[in-house]
2 protein chains.
Amino acid sequence: MPDTGPLGPPVPERRPGPSTTTPVLPAKPPEPVVPPVLGGPTGLGTASLSLASAPRPPAAPPPPVPPPPVPVVQRRVLGGPTGLGTASLSLARTPDPVLPAPAPPAEGKAVPGLYHHSVPEPDPVRVEEVSRRIKRWAEDEVQLYPEEWEGQFDGFSVGRYMVGCHPDAPTVDHLMIATRLMVAENAVDDCYCEDHGGSPVGLGGRLLLAHTALDPLHTTPEYAPEWQTSLGSDPPRRAYRSAMDHFVRAATPSQADRFRHDMARLHMGYLAEAAWAETDHVPEVWEYLAMRQFNNFRPCPTITDTVGGYELPADLHAQPETQRVIALAGNATTIVNDLYSYTKELASPGRHLNLPVVIAERERLSERDAYLKAVEVHNDLMHAFEAAAADLAAACPLPAVARFLKGVAAWVDGNHDWHRTNTYRYTLPDFW
Amino acid sequence: MPDTGPLGPPVPERRPGPSTTTPVLPAKPPEPVVPPVLGGPTGLGTASLSLASAPRPPAAPPPPVPPPPVPVVQRRVLGGPTGLGTASLSLARTPDPVLPAPAPPAEGKAVPGLYHHSVPEPDPVRVEEVSRRIKRWAEDEVQLYPEEWEGQFDGFSVGRYMVGCHPDAPTVDHLMIATRLMVAENAVDDCYCEDHGGSPVGLGGRLLLAHTALDPLHTTPEYAPEWQTSLGSDPPRRAYRSAMDHFVRAATPSQADRFRHDMARLHMGYLAEAAWAETDHVPEVWEYLAMRQFNNFRPCPTITDTVGGYELPADLHAQPETQRVIALAGNATTIVNDLYSYTKELASPGRHLNLPVVIAERERLSERDAYLKAVEVHNDLMHAFEAAAADLAAACPLPAVARFLKGVAAWVDGNHDWHRTNTYRYTLPDFW
């Protein structure tokens, strides 16, 4: 997983963020995401893409999520057309009688020159409720961390993160599906791979046994009970099992299969990174980028349809063009993580591979030049993502495809915003 | 991958097989595989399962395989109803004017007490043609091995293996899809993990880069060419890339996605085994069985529909019941490998984990008792597979499901038969 953790010790206490509280615009003004698709009916086949009135695809079963115990709030994000392309995000739900005033933008400076899209401030009511529930889940349901890690769990701001990445989630229950998985993925990364007792040594065995919490073992009656017991034996496995149980109840079997595949990719990525750490190998830049396509946020944006309460049909998800869009989006979001966590990783013990570090070493550039080149690599990936998404939307003008592409784009933007505003974890290097 | 290799050195020359040329029947007479499904219309919903007249599912596109350059032979296997349930395997193709006489059964003794099903001798005309073509592919197209490994490549008998496992392949071209992948999977296992220069050290990096031959990298124009070049840089990657290119041309996007997922599972399994080897860890029996559900033949039976020229739709493949059938079938076939390769692995340098070895160590049994217990584990998995397949066939009486289940069962039986008859590689221990 990209470094969104850790959940426990090393990082001591809240650090001040960079000097400005005003988001810095990128060097070029942001272009609309997949403009012909999301901006309105401006091109061939795009007229049918508006989501406000489009029927749900017939294959999508209503997820069996119980009614939320808190009132479903109409997010301000969706309360009206506040930006280019956002009008079509309206899901035609009844607005609350009284809309709260917009929250002030959170502090945190964007990486200068980074191509990104600003997002509206995540709905604070949803953020608060998701934050309350995820902490109860982590502490009471899966006993995720000892008491002294609480501050870091709070500093993770996973409620804000997931509310920002899933603006079209119908309810807080839907948001919880994504939030539990995000926390579980970080717990496995921290406890098995990285900061909290993790190690590259023997990692393959630990990750495979954890993976069986997602992709169950089918074995004989004599040996099955020991496996079942193992799933409760440590925080990472308890978290994977519980988060997956909740996910599977809301997802179709094909969505669950897709998620398992993306998690297998993630675990392969962890193991490639671990192998290089163990052998003290600095990969070529293209090799690093290949590893990072696997050790990647991909499992998070690809559940956007389950979290949104609909389904991108399996045969559409498997199309090479869809796979390309997903891969490029995942790669761009992951390089965002490399850029924002650069300073934090430099300060950690040992050499932590990230794109600027690999470029500096392999292409003999200064730290600053390597960092700036990594920004360009990110920007190229973002542009490629948006071009591929626009091509797919034009070639396959179906409502589920349009909504899925919009969901992935929203995840990309929300992910950037979380990194920008998470001044508890991230500070930028002094390169400008 | 289960040990079906190696393709090169260590093993010196053809070893004599066990003393008998008559297949030994298992202790209990074999039961029909999924009897209500394959034996004819005897139960609820099974009437529609006959494949002879069943229409292909509309979703299955005709694979764009060119007409075979050699005459398509009518396999003797399919020339008439020669055994319980085989009548419905007829694919209604025109029989050859002259059918060859049945070939004598190949030598090789089955593991006593092993629950299995005998299979008709694979069609020698197909075996010869697949063997000829795969050798040409390995030598001329992907430069798989140096000249001195040729004897071992021949001893692999992969033509016989794949013809035996895919009795319903419409043409030799379809059989080649499976055969190239099987050879490529063994090449990666041998060269990266095991006998031919493989090592657990750094394996995660090597496997991930090889995996990009199956699941392509999407990156920037600056770095993409180096990745493309890398795919031709060693025999394992050349083999993966070429075998996958051929497969993708014949498969639907969902079938390709399924295969990539199964290969990610396989690579995770390799990495768990490598982690244990590196740390000299002997897992619990259930942990070993979990690892072996990943380091598993699964990618081979699950392409049975592509090789058969039809498609099990993605949503049916993803059903938990289908996933359970596939997992149990894969687990049974993989334990077959453990049992037949036991003697060979004991003779290899270092400790090679297999089920009898792990049971002996963890349950403090003698080598003989542990081996016999492993046979029982296999038999339990086979019975569970057949029960789960029968349940699924009854619950989901669709032609594509029935044919897929029959294809998986045929793969299980063909795999056993290949192990039994591959006396070039395998000899049984002296426990009876």
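**The contact between chain A and chain B**

Between chain A and chain B, 18 residue pairs are in polar contact, both residues at pLDDT 80 or more; a polar contact is a pair of N or O atoms within 3.5 Å, where within protein one must be able to donate a hydrogen and the other to accept it, and residues adjacent in sequence count only if both atoms are side-chain atoms. The model is predicted, so local features need pLDDT of at least 70 and side-chain atom pairs count only at pLDDT 80 or more, while totals for chains, interfaces and linings use all residues. Residues are numbered from 1 along each chain as its sequence is written, chains are lettered from A and ligands numbered from 1 in the order in which they are written, and side-chain values use heavy atoms, with hydrogens and water left out.

On the side of chain A that touches chain B, helix 9 gives the most, with 15 residues; helices here are DSSP runs of H or I with at least four residues, strands are runs of E with at least two, and both are numbered from the N terminus. By class, this side of chain A has 30 nonpolar, 19 polar and 14 charged residues, where Ala, Val, Leu, Ile, Met, Phe, Trp, Tyr, Cys and Pro count as nonpolar, Asp, Glu, Lys and Arg as charged, and the others, Gly among them, as polar.

Each chain brings 63 residues to the contact (heavy atoms within 4.5 Å). The area buried between chain A and chain B is about 5,100 Å², with 67% of it from carbon and sulfur atoms; buried area is the accessible area (1.4 Å probe) that two parts lose on being put together, summed over both. Four salt bridges cross the interface, each a side-chain nitrogen of Lys or Arg within 4 Å of a carboxyl oxygen of Asp or Glu. In one salt bridge, Glu222(B) meets Lys373(A) at 2.7 Å, N to O.

Within chain B, Glu311(B) lies in the loop between helix 11 (304–308) and helix 12 (314–317). Glu311(B) is buried yet has no salt bridge, and the nearest side chain of opposite charge, Arg258(B), is 5.2 Å away. Buried means under 20% relative accessible area, exposed over 50%, and partly exposed in between (1.4 Å probe, protein chains only); for charge, Lys and Arg count as positive and Asp and Glu as negative, with His and the chain ends not counted. The side chain of Glu311(B) does make a polar contact with that of Thr252(B), at 2.7 Å.

Chain A itself has 17 helices and zero strands, and 61% of its 432 residues count as buried.
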